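Open the model in your viewer and keep the selection panel at hand. Each stop below says what to pick and what is there.

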Amino acid sequence: MTRRIVIGLYLLMLALPIYWLINMSFKDNVEITSALTFWPHRPTIEHYVHIFQDPAWYGGFLNSLSYVFLNTVISVVIALPAAYAFSRYRFLGDKHLFFWLLSNLMAPPAVYAMPFFNLYSAVGLFDTVWAVALAHCLFNVPLAVWILEGFMSGVPREIDETAALDGYSFPRFFFRIFVPLIANGIGVAAFFCFMFSWVEQLLATTLTTVNAKPFVAVMTRTYSAAGMDWGLLAAAGVLTMIPGAIVIWFVRNNIAKGFALGRV
Amino acid sequence: MNDKPISNRAWFLVVPVMVFVLFSSLIPMMTVVNYSVQDSMGQNSFFWNGSEWFRHLFDPTTDIGGRFSRALVRNLVFSGVVLLIEIPLGILVALCIPKRGWAVGAVLVSMTLPMLIPWNVVGTIWQVFARADIGLLGAALTGAGIPFNNTQDPLSAWSTIVVMDVWHWTSMVALLCYAGLKAIPDAFYQAARIDGAGRWSVFRNIELPKLRRVLIIAVLLRFMESFMIYTEPAVVTGGGPGEATSFLSLDLVKIALGQVDLGNAAALSLVYNLITLTLCWIFFTTMTQLDARGSA
């Protein structure tokens, strides 16, 4: 019983600020600023309509989704062989290399904001979704390697050896047998790449100006306009939660193991 | 761990990752190193400046040095406070997650939701929520007679940011601990029941030792993440009031992108990065040692 109360209170604490945002997104700006109301007395969807009609808004949403998608695909694809190498072999400098990869995971994005700006301007990728997708690889590739290595180490090596004896070539073994075995791990790694690319804002806004502006950057426009358009801001905030909520549903059974980075 | 075959051909599998990380980490880092030892007269003409920027940074009497040391202290205090709240709370929540049934999935999904909200939206949510005029929390506190204003009063600003971080990240600690708890075989609990162990002694003697590994991951991930915090305080307080909540990342972005003071920004970047790198190294060695002990 106590357990239910504790978890109930915790979930309530998590839900309150979100409820307030959703509540606010359905109010008009007069109601928001005039009085505190616990549900919209004059419910309106004008803010949502505004977002879906303004190309700057929904364009931003599409930009965000495209760099997140590109980043997730790139990170998982290049992390797969590396994770296999780390989980199956010892090689010259493996420990140092692994540590060096992890250190990128821990590097503050603020440190990279300025050099990335220079780098991506120099190679002509500035203000494209590719710049953001590649920049997020900085922390997502090491993360994907780390998670996948954990899941791969859980697969007994006898499977590799048996497959080799049965005459499977390495690529055929890898894609036909090994990848299906660690499908959960790939799902979890992709989920984490999605998550960290979707929530990151500093690099995404530094590397874009007009064409590839992410949704979170478009949101800052509501600050500058005459006064604060609270309702619009709230509606935009609510929309940013939806992709995460959808993705989470797919990995719900592996979430706990995923957070332990496949290491429990 | 140590029975893995040695094969240097495995390097070929690592090459793609190497190329990517070289491009997105080493090249940018070299630019920073370059800036940190040079000064500019404008028009892209740079000259050698030696260790001047670093000397400024470590001298608390200079403007930049003072800002750096105050921001560093702030960062450490913040990480400490956040860990002290989130780790015990996370363990408690993990112990209370339902064991079976549909409720497990529902609880896990709703717990994870705050972590999937873009960081500046998290900032926005709390900015709105804590406002005395239109926010539930701010209005409730003011209504209860507690003076609360996170744009004027440093204490309010700090508590808002700490509560926001607890709201945002406690679930991660809880999920890690939950994963650790699930790995405990039922036989352990049965044995405890036969021995007549109470709830506390089950926790103390069975659950806590099994959680040690995930707790190390949790503590270090939370430490790193809170040490790098940027977006949420940038939105909620913008580092203010005054410089009360101006953490290292906020200062760095202000210097690098706001004032385009490349030399100071680069020196600060390198030192900041070295601090996190040192902590990361401690993390990594602790983990690998535990791995070794676990498999021995």
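Select α4(A) and α10(A): α4(A) passes α10(A) in a right-handed crossing. Right-handed means the near helix is turned clockwise from the far one by less than a right angle, left-handed anticlockwise. Helices are DSSP runs of H or I, at least four residues, numbered from the N terminus.

This is a predicted model: local features need pLDDT of at least 70, side-chain atom pairs count only at pLDDT 80 or more, and totals for chains, interfaces and linings use all residues. Residues are numbered from 1 along each chain as its sequence is written, with chains lettered from A and ligands numbered from 1 in the order in which they are written.

Now colour residues 55-88 (α4) and 183-199 (α10) of chain A; their axes come within 9 Å and cross at roughly 140°. Axes are lines fitted to C-alpha atoms over the stretch in contact, and angles run from 0 to 180 degrees between N-to-C directions.

Next, show side chains. On α4(A), pick Y67(A), V68(A), N71(A), T72(A), S75(A), V76(A) and A79(A). They meet I186(A), A189(A), A190(A), C193(A), F194(A), S197(A) and W198(A) in α10(A). Contact means C-beta atoms, placed from the backbone, within 7 Å.

Zoom out to the domains of chain A: domain 1 is 1-44 and domain 2 is 54-259. These bounds come from an automatic or database domain assignment. Here, 8 residues of domain 1 of chain A touch 7 residues of domain 2 of chain A. Select α1 (2-25) and α2 (29-34) of chain A: each supplies at least two residues of the domain 1 side. α1(A) gives the most, with 4 residues.

How values were computed:
Two residues are in contact if their C-beta atoms, placed from the backbone, lie within 7 Å.
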